[in-house]
Amino acid sequence: MFARRLKAWMPRSLYWRAVLILLVPVTTILLVVSIVFIQRLYEDVTRQMTTGVANEVRLVLDRIEAAPDASVAWQTALEVAAPLGIDLSAGTGREIDRRGSFDLSGRVLTATFRSEIPGLRSVDLVSRDRFVLLAVDTDKGPVVLELSRRRVSARNPHQFLVLIGFTAVLMTAIALVYLRNQMRPIRRLARAADAFGKGRSVPYRPAGASEVRQAGAAFLSMRDRIEHQIEQRTLMLSGVSHDLRTPLTRMKLGLGLMEEDEDVIAMRRDVQEMERMLDAFLDFARGDAQEIPEFADLSVVAEDAVERAKRGGLRATLSAHNVQATAMVRPIALSRALDNLIGNAVRYGEEAIVSVDLDNEASVLVVEDRGEGIPAHLHETAVKPFSRLDKARNQDGGSGVGLGLSIAADIARRHGGRLTLGQSEEFGGLRAEIRLPN
């Protein structure tokens, strides 16, 4: 439980995690050194110095106590106090303890004086700067002894803390600059990988430490292989689809010369179905590799797709619940994905309702219909190439080729997004979303 909560508070980026790894031990060492320094210097050294001065104070007080009267006591006390650097004055009997709020050694100093000097009334560390005033009750009357603060506590002990703190801050700043320079190649690699995941190929040159260079070279090799495989797939499917059109054309010509009967009509329907399949293959093979990404208004893309569907005789409408959203896309490829989703929605759900939505993570193109939808357990199967779920959906619009959702899903993936299927709460049919990352 504690580990899970600690993980939730940890920074997400590698840079800030490295900063945390750097600062935690440095801060811990500073705290330990400061605590030990304060304890040894402010407490132990102060206690030792104060004990020595307390012995001198007791010597002065003993002379006062041993004198027969006050005048003799004062004279003998001054003879001893002067060489020791202690000034004497008569007390009022109303002196109280005084110590600054941030006087770290004052607490130890006061406690040591009280334990070593009998009859001590008060220890005043505030009335005179850099001096200690000790008020003591004697049988000759109250006496105030004044001595230098330097004799009972270390001189300028804070300088060590300031020095070590300044050095730690300076070295940490230098380390952070160096760390930032080491992180820059990793960030460039991350940006290049993220752009490639969204269908864009940005210039990238491996740099930085040997491990980062190795990872960068592996990424470039992987990107080249993927681009080569996409190009090969496109050429292969395009070539096959193109070559199949020649015999289909001969078949159409042959059927056109034959007399009309039920067999000829059935064969013509088969040829038309094969032509539709070839068109779908070409759309699937064409992809979007040759199109340059650009910023586009998704509302305009959705509106154009609806207009094309209407010109093609399909029932498609643009929802009034649209928001303004722009994204870096390949407009032609995205339009092809929308056309496939709209065609599926009209074929299986009578009407396609297109809308644009926006959330914190993605811009969303939504196509909904009024059909029966697709069961949740078949969503993953539905987006596979050549998958037909006609038994689960309305067949009034005819059977599809099985590539419509696959093409849309493939285009969404090449934009770094995804195609998600669900149930339309408003219209009851299928809800298809193309989610494009912001």
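This is a predicted model: local features need pLDDT of at least 70, side-chain atom pairs count only at pLDDT 80 or more; totals for chains, interfaces and linings use all residues.
Which residue of strand 9 is the bridge partner of Ile353? The partner is Glu368.

Strand 9, residues 362-369, is joined to strand 8 by seven bridges, and the two run antiparallel. Three residues lie between strand 8 and strand 9, which together form a hairpin. Strand 8 also pairs with strand 6, residues 316-318, through three bridges, and here the direction is parallel. Within that pairing, Ala316 has Ala352 of strand 8 as its bridge partner. In general, strands of a sheet pair through backbone hydrogen bonds, and the pairing can be parallel or antiparallel.

Another part of the model holds an open sheet of four strands, arranged in the order 1-4-3-2 with antiparallel pairing. Its edges are strand 1 (87-90) and strand 2 (120-124), each of which pairs on one side only. From one strand to the next, the twist averages 20°. Strand 1 and strand 4 run antiparallel and are joined by four bridges; Leu88 stands opposite Leu145, a residue of strand 4. Helix 4, residues 104-116, packs on this sheet and touches strand 2 and strand 3 (131-138). The direction of helix 4 makes about 160° with that of strand 2.

From strand 4 the chain can be followed to Ser153, which is found in the loop between strand 4 (141-148) and helix 5 (158-197). Is Ser153 buried or exposed? Its relative accessibility is 7%, so Ser153 counts as buried, the cut-off being under 20%. The side chain of Ser153 makes a polar contact of 3.2 Å with the side chain of Arg149. Leaving aside neighbours within four places in sequence, Ser153 is in contact with Thr46, Met49 and Ser105.

The aromatic residues are the next topic. Three aromatic pairs are present in the structure. In one of them, Tyr15 and Trp16 have ring centres 5.3 Å apart and planes at 75°, so this pair is edge-to-face. The two residues can also be described by their accessibility. Tyr15 counts as buried because its relative accessibility is 8%, while Trp16, at 51%, counts as exposed. Tyr204 and Phe219 also form an edge-to-face pair, with 6.0 Å from centre to centre and 80° between the planes. Tyr204 lies in the loop between helix 5 and helix 6 (210-257) and Phe219 lies in helix 6, so their pair ties together parts that are 15 residues apart in sequence. Tyr204 is buried, with a relative accessible area of 13%, and Phe219 is buried as well, with 7%. Ring pairs link these two residues and Phe196 into a cluster.

The charged end of Arg180 sits over the ring of Tyr15, at 5.8 Å from the ring centre. Arg187 lies over the face of Tyr15, 5.0 Å from the centre of the ring. Tyr15 is thus described by its edge-to-face pair with Trp16, by the arginines Arg180 and Arg187 over its ring, and by its buried state.

How values were computed. Residues are numbered from 1 along each chain as its sequence is written. Side-chain values use heavy atoms; hydrogens and water are left out. Buried means under 20% relative accessible area, exposed over 50%, partly exposed in between (1.4 Å probe, protein chains only). A polar contact is a pair of N or O atoms within 3.5 Å; within protein, one must be able to donate a hydrogen and the other to accept it, and residues adjacent in sequence count only if both atoms are side-chain atoms. Contact means heavy atoms within 4.5 Å. Two strands pair if DSSP finds at least two bridges between them. Axes are lines fitted to C-alpha atoms, for helices over the stretch in contact, and angles run from 0 to 180 degrees between N-to-C directions. Rings of Phe, Tyr and Trp (its six-membered ring) pair if their centres lie within 6.5 Å; planes under 30 degrees apart count as stacked, over 60 as edge-to-face and the rest as tilted. A charge sits over a ring if NZ of Lys or CZ of Arg is within 6 Å of the ring centre and within 35 degrees of the ring normal.
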